[in-house]
Amino acid sequence: MAAKGPLKLKAKGRKGSKGSSSSSTSSSKYELFKDWTNWSLKKAKVATHYGFIPLIIVVGMKSDPKPHLFQLLSPV
Amino acid sequence: MADIFPPLVTSQIDAKPKVDEKVDYSNLPCPVPYEELHREASMSLKADNFEGLRFDFGKGLNQKFSLTHSVMMGPTEVPSQSPDTTIKIPTAHYEFGANYFDPKLMLSGKVMTDGRLNARLKADFTDKLILKANAQLTGEPHMSHSVFNFDYMGKDYRAQLQLGNSALIGATYIQSVTPRLSLGGEVFWAGVPRKSGLGYAARYETDQMVASAQVASTGLVAMNYVQKISEKVSLATDFMYNYFSRDVVASVGYDYILRQSRVRGKIDFNGVTSALLEERLSMGLNFLLSAEVDHKKKDYKFGLGLLVG
């Protein structure tokens, strides 16, 4: 019984510390989420900037009737 | 031009006068989208006048896929301190574009020599739900804009949700109240200049005329009226007023659609006169002449263009 006392206190102490750290992790989780969305939006912007026109060209070259590569490059 | 004014088919075929016709309130037509409220007036009054030379060459590879090459040489305006003088810097650029048009998906992209990309996407998820996205991307940080619109088309209403890149959220709703009158509203919230706004709009149309009005909490009041005189001629007038900054602009314009050409012109009460002529020289060859004369600022702009394909 006596041994359990300090165990209980330790558990409480741990819980208490966990509680405060969980609130800080939840706030930092929000920060992490914001940082992650900013990072992914930046990457999406770069991907769109470089890849949008090639995407249209790829989609267009696959449509029926399939145009020839020569038609894509020639000026006539 | 015929598809602009929705034909009231029943009243035109019947010999009975329109007064006798009962309005079927459960069967109203779908209204125009909220952003196209002033569509007919914009065609005459907000024609795209340009300055300099413009040469567009479009090559279709396919029914759905086409490439465009555009060369533009002319002065571009730079904002200056005093409102009386305009600073113009001559520029020349080449723009390459690719377009893909499918009934369910439309992709359009244009890239300039300085790396600016102008991208548009329109996807029909279902019959009624459409996604539209529009983006201008540049290499410089914080100078890119993108807007995503989700449109839902109901039986006699349309609703739209708009999301923009710097925390911009907006929603619009427009509803047909009678076969000729539609009313709508919008609300938006912009994160960067922290402001929100509310607006209302109304549009009344018949076969011969369209009248629309819009009020917004940003201080804008816009009213316009378009009268279709005949199949070839229509006249438009527009009045815009900002009740915070007390700016008033009124303009009157015309739109002549002839067999081989289309002339649009307007005169403004700020002293700006402009006209745009598009002439079809032969199949696939269009010639453009644009002129804009601003008497108050003594700014004269003339443009010449050729569109091939």
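**View 1. Asp299(B) and Lys88(B) pair up in a salt bridge.** The closest N and O atoms of Asp299(B) and Lys88(B) lie 2.7 Å apart. Please keep in mind that this is a predicted model. The two partners come from distant parts of the chain, 211 residues apart: Asp299(B) belongs to strand 19 (residues 299-308) and Lys88(B) to strand 3 of chain B. Asp299(B) is buried, with 8% relative accessible area, whereas Lys88(B) is partly exposed at 26%.

**View 2. Arg203(B) reaches Glu40(B) in a salt bridge.** Here the closest N and O atoms are 3.2 Å apart. Strand 11 (residues 195-205) of chain B carries Arg203(B), and helix 2 (residues 39-45) of chain B carries Glu40(B), so this pair links distant parts of the chain, 163 residues apart. If you widen the view, you will find both residues in a network of salt bridges together with Glu36(B), Arg39(B) and Glu205(B).

**View 3. Lys64(B) and Asp102(B) form a salt bridge between two loops.** Their closest N and O atoms are 3.0 Å apart. Lys64(B) sits in the loop between strand 1 and strand 2 of chain B, while Asp102(B) sits in the loop between strand 3 and strand 4, with 38 residues separating the pair. Lys64(B) is partly exposed, at 26% relative accessible area, and Asp102(B) is partly exposed too, at 24%. A search of the whole structure finds 17 salt bridges over all chains.

**View 4. Chain B meets chain A.** The contact draws 25 residues from chain B and 19 residues from chain A. Between them the chains bury about 1,700 Å², with 73% of it on carbon and sulfur atoms. Look for Lys59(B), Leu61(B) and Asn62(B): they supply 27% of the area that chain B buries against chain A, more than any other three residues. How many salt bridges cross this interface? The rule finds 0, although 6 residue pairs are in polar contact across it.

**View 5. Strands of chain B line up on the side that touches chain A.** The elements giving two or more residues to this side are strand 1 (52-60), strand 2 (65-78), strand 3 (87-101), strand 4 (105-112) and strand 5 (117-124) of chain B. Strand 4 gives the most, with 5 residues. By type, the residues on this side of chain B are 12 nonpolar, 8 polar and 5 charged.

Definitions and conventions
Residues are numbered from 1 along each chain as its sequence is written. Chains are lettered from A and ligands numbered from 1 in the order in which they are written. This is a predicted model: local features need pLDDT of at least 70, side-chain atom pairs count only at pLDDT 80 or more; totals for chains, interfaces and linings use all residues. Side-chain values use heavy atoms; hydrogens and water are left out. Contact means heavy atoms within 4.5 Å. Buried area is the accessible area (1.4 Å probe) that two parts lose on being put together, summed over both. A salt bridge is a side-chain nitrogen of Lys or Arg within 4 Å of a carboxyl oxygen of Asp or Glu. A polar contact is a pair of N or O atoms within 3.5 Å; within protein, one must be able to donate a hydrogen and the other to accept it, and residues adjacent in sequence count only if both atoms are side-chain atoms. Helices (H or I, at least four residues) and strands (E, at least two) are DSSP runs, numbered from the N terminus. Ala, Val, Leu, Ile, Met, Phe, Trp, Tyr, Cys and Pro count as nonpolar, Asp, Glu, Lys and Arg as charged, and the others, Gly among them, as polar. Buried means under 20% relative accessible area, exposed over 50%, partly exposed in between (1.4 Å probe, protein chains only).
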